[in-house]
Amino acid sequence: RKKVIIDTDPGIDDAMAIFVALRSPELQLLGLTTTFGNVHTALATRNALHLLEAVGRTDIPVAEGSHVTIKKAAKLRIASFVHGADGLGNQDFPPPAAKPVDQSAAAFMVEQANLYPGQVTVVALGPLTNLALAIELDPSFPKKIGQIIILGGAYSINGNVNPAAEANIFGDPDAADMVFTCGADILAVGLNVTHQVVLTGSAFCNVTISEAPFLHFDTSPFVTDADREKLEQCDSKYARYLCKIMGIYFDYHKDAYFIKGVYLHDPTTVIAAVNPSLLTCTEGVVRVQTVGITKGLTIFDNTKKRYGEITAWSGMPTVKVAVTVDAPAVVDLMMQR
Ligand code: BDR
Ligand code: CA
């Protein structure tokens, strides 16, 4: 089984992703580490503990991450308008009984990478601050970690914070640039892929998918299915929990994208660890713009392949970037799990 740490800012799609991981025999979840993004870090920690408690998996440790960016900025972009003020659909859940471990997220990542050299995959579902801190803590971390799979960036399409930036990269662009250039085995899953992976829910939205302004994908596989209704029928504590929290996420997608469904950003990224063959990738250098109106923009350079060693970024470590996804298969796997 693949040993996995999930770095997360739960978050409704983070909750889905964590549940997929817990239900996947291909993965061994070593722990959750928390970051800011959809909520502040303290609330992310509370939510991570709560999610594990809700499904009876308090055996999994939670390590709290940084409350500020790698450059110590405390002014953060928090996406409560997407996930609710509590990050989990405003359900007023009671505080969890469990506590996080007495170790930072970065220290936990470094410790696990030392325990299992080359065998640990970090699946990063929020801003990349904790991974950058792990690299600062132990410069050999990129060589010891098996793989880093990142939900982050928008490759050749617009971002979701603004036309330039995707939310997780925008959250800490300096950390993201450090991670993308650290030399580890990295797979980036961006909006170009996750905007094709839609969990549908027709009865809850009266806008048809053909009205979507961002028709950069073929919507035909999604028009007739209604995954949300299928989940409602499902006799599973995981499905019941998700159905309870998902409403606000559907509302947001209806208002922001005019689609009758929700994008499965974070679950797709966990599924990239479960079954890598569902995505295809290209390889090149990725750098992140850290200032100005394009702050958070991910820039992909594959010119090395085409022109040899003559480009400005040649010699820099390359990463893999997902370019295609078998979207129906990803949705199907998420539904099964
Ligand atoms: C990413 O931002 C967060 O809102 C989601 O949880 C996901 O990780 C999508 O841009
Ligand atoms: Ca997330």
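**Reading confidence, a helix pair and a ligand shell**

In this predicted model, the chain's confidence is lowest in helix α14 (residues 303–307), with a mean of 60, and highest in strand β4 (residues 120–124), where it reaches 99.

Colleague: Over which residues is the pLDDT below 50, and how should such a stretch be read?

Modeller: Where pLDDT is low, the predicted coordinates should not be read in detail. Here the pLDDT falls below 50 over residues 203–224, a stretch that has 32 contacts in the model beyond near neighbours in sequence. The chain as a whole averages a pLDDT of 91, and 90% of the residues score at least 70, while the model scores ipTM 0.98 and pTM 0.93.

Colleague: At what angle do the axes of helix α4 and helix α5 cross?

Modeller: Two packed helices are described by the angle between their axes and the distance between the axes. The axes of α4 (residues 105–115) and α5 (residues 129–137) come within 8 Å and cross at roughly 60 degrees, and the two helices are therefore oblique to each other. The crossing of α4 past α5 is right-handed. Residues of α4 including Ala105, Met109 and Val110 meet residues of α5 including Asn130, Leu133 and Leu137, and by class this contact has eight nonpolar residues, one polar and no charged.

Colleague: Which residues come nearest to ligand 1?

Modeller: Of the 16 residues around ligand 1, those that come nearest are Gly11, Asp13, Leu151, Ala167 and His265. Helices α1 (12–22), α7 (167–171) and α13 (265–274) each supply at least two residues of the shell, whose residues divide into five nonpolar, seven polar and four charged.

Technical notes
Residues are numbered from 1 along each chain as its sequence is written. Chains are lettered from A and ligands numbered from 1 in the order in which they are written. This is a predicted model: local features need pLDDT of at least 70, side-chain atom pairs count only at pLDDT 80 or more; totals for chains, interfaces and linings use all residues. Axes are lines fitted to C-alpha atoms, for helices over the stretch in contact, and angles run from 0 to 180 degrees between N-to-C directions. Helices (H or I, at least four residues) and strands (E, at least two) are DSSP runs, numbered from the N terminus. Angles under 35 degrees count as roughly parallel, over 145 as roughly antiparallel, 65 to 115 as roughly perpendicular and the rest as oblique. A crossing is left-handed if the near helix is turned anticlockwise from the far one by less than a right angle, and right-handed if clockwise. Two residues are in contact if their C-beta atoms, placed from the backbone, lie within 7 Å. Ala, Val, Leu, Ile, Met, Phe, Trp, Tyr, Cys and Pro count as nonpolar, Asp, Glu, Lys and Arg as charged, and the others, Gly among them, as polar. A residue is near a molecule or strand if its C-beta atom, placed from the backbone, lies within 6 Å of it. pLDDT is the predictor's confidence in each residue, from 0 to 100.
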